[in-house]
Amino acid sequence: MTMSVNQTLVTEFLLQGFSEHPEYQLSLFICFLSLYSVALVGNVLIILAITCNPGLYTPMYFFLLNLATMDIICTSSIMPKTLKGLVSDRSPISYGGCMAQLYFLTWAASSELLLLTVMAYDRYAAICHPLHYGNMMNKEFCSMLAAGVWALCACNTAIHTGLMTRLNFCGPNVITHFFCEVPPLLLLSCSSTYVNSVMIVLADAFYGILNFLMTIVSYGFIISSILKMRTSEGKKKAFSTCSSHLIVVCMYYTAVFYAYISPVSSYNPEKSKLAGVLYTMLSPTLNPLIYTLRNKEVKAALRKLFPFLKN
């Protein structure tokens, strides 16, 4: 096969998936299909409940709608291919398909991290500055924040994907994961990955560390304000408005720190696959359940939308 210097020698990758454990593939297929179905149905219901109920046209639910959309993009960018790979002997993915999967997955995952920080700020404004909340989180400002999250992460992801397309892949072409991800792809490159590695460190510092610290600071102020409240009823009501978000933040950052805040050279396939399951399947599945089961307004909106749920 002869190609010019600027072209990649590899036109197709093979996703390893879970082929090293063939005895579990049927069980994994059933488990992943169930998680994917629940994630899709749950997040679509969240979107419908919010868009069809004017009573939920508030900043908190506006950001929740964006979160549900991100979850659908995140899980849908990898699950169809993963499920197909679990029932096939091989799981090939074209070079272009791999880059597209990398882009949409990274876009949705990074957007979710940034949105969780925005949602923490929204809860800070609501609890710490209730009298000024309407002015601080007006419709225009919320729309600007959401658009900023989507746009910033789209640009960041375009840079990473663009840098990836500049690399040469000479073989082997087996990606030690069940989807296309930056670390295992860099390990397959036969050209210098220095710039890619630098950009990964910068992205980790911004998305993983800076955003996490901003979220922690927001909740520091929130907890301080709750403790200063005089009535136990006020404390309970204030905490209930942010407890669901806090659970999601802890769950998502646990997966991120577990696998991705580390050098590419120390990449561990098994650890990365587990973290991948956590943030691409388990998190999108649990998010709508956490927000609906702990939120009376969302449950009421769903019952109004689907009367049979009243039973």
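This is a predicted model: local features need pLDDT of at least 70, side-chain atom pairs count only at pLDDT 80 or more; totals for chains, interfaces and linings use all residues.

Residues are numbered from 1 along each chain as its sequence is written, and side-chain values use heavy atoms, with hydrogens and water left out. A disulfide is a covalent bond between the sulfur atoms of two cysteines. Here a disulfide is taken as a pair of cysteine sulfur atoms within 2.5 Å, and the count by this rule is 2 disulfides.

**Disulfide Cys-98 to Cys-180**

- Cys-98 and Cys-180 are joined by a disulfide with an S to S distance of 2.0 Å.
- The torsion about the S-S bond of Cys-98 and Cys-180 is about -125°, so this disulfide is left-handed.
- Cys-98 belongs to helix α4 (residues 95-128) and Cys-180 to the loop between β3 (174-175) and α7 (182-188), so the pair ties together parts that are 82 residues apart in sequence.
- Helices (H or I, at least four residues) and strands (E, at least two) are DSSP runs, numbered from the N terminus.
- Cys-98 and Cys-180 are both buried, where buried means under 20% relative accessible area, exposed over 50%, and partly exposed in between (1.4 Å probe, protein chains only).

**Disulfide Cys-170 to Cys-190**

- The sulfur atoms of Cys-170 and Cys-190 lie 1.9 Å apart and form a disulfide.
- The link of Cys-170 and Cys-190 is right-handed, with 55° about the S-S bond.
- This pair links distant parts of the chain, 20 residues apart: Cys-170 is in the loop between α6 (139-165) and β3, and Cys-190 is in the loop between α7 and α8 (194-228).
- Cys-170 is partly exposed, at a relative accessible area of 40%, and Cys-190 is partly exposed, at 43%.

**Pairing pattern**

- When bonded cysteines are counted along the chain, the disulfides follow the pattern 1-3, 2-4.

**Further cysteines**

- The closest cysteine sulfur to that of Cys-155 is in Cys-153, at 9.3 Å, which is too far for a bond.
- Cys-155 is exposed, with a relative accessible area of 52%.
- Cys-250 is partly exposed, with a relative accessible area of 46%.

**Val-198**

- Val-198 has its place in helix α8 and is partly exposed, with a relative accessible area of 34%.
- Val-198 and Lys-81 are 117 residues apart along the chain, and their C-alpha atoms are separated by 30 Å.
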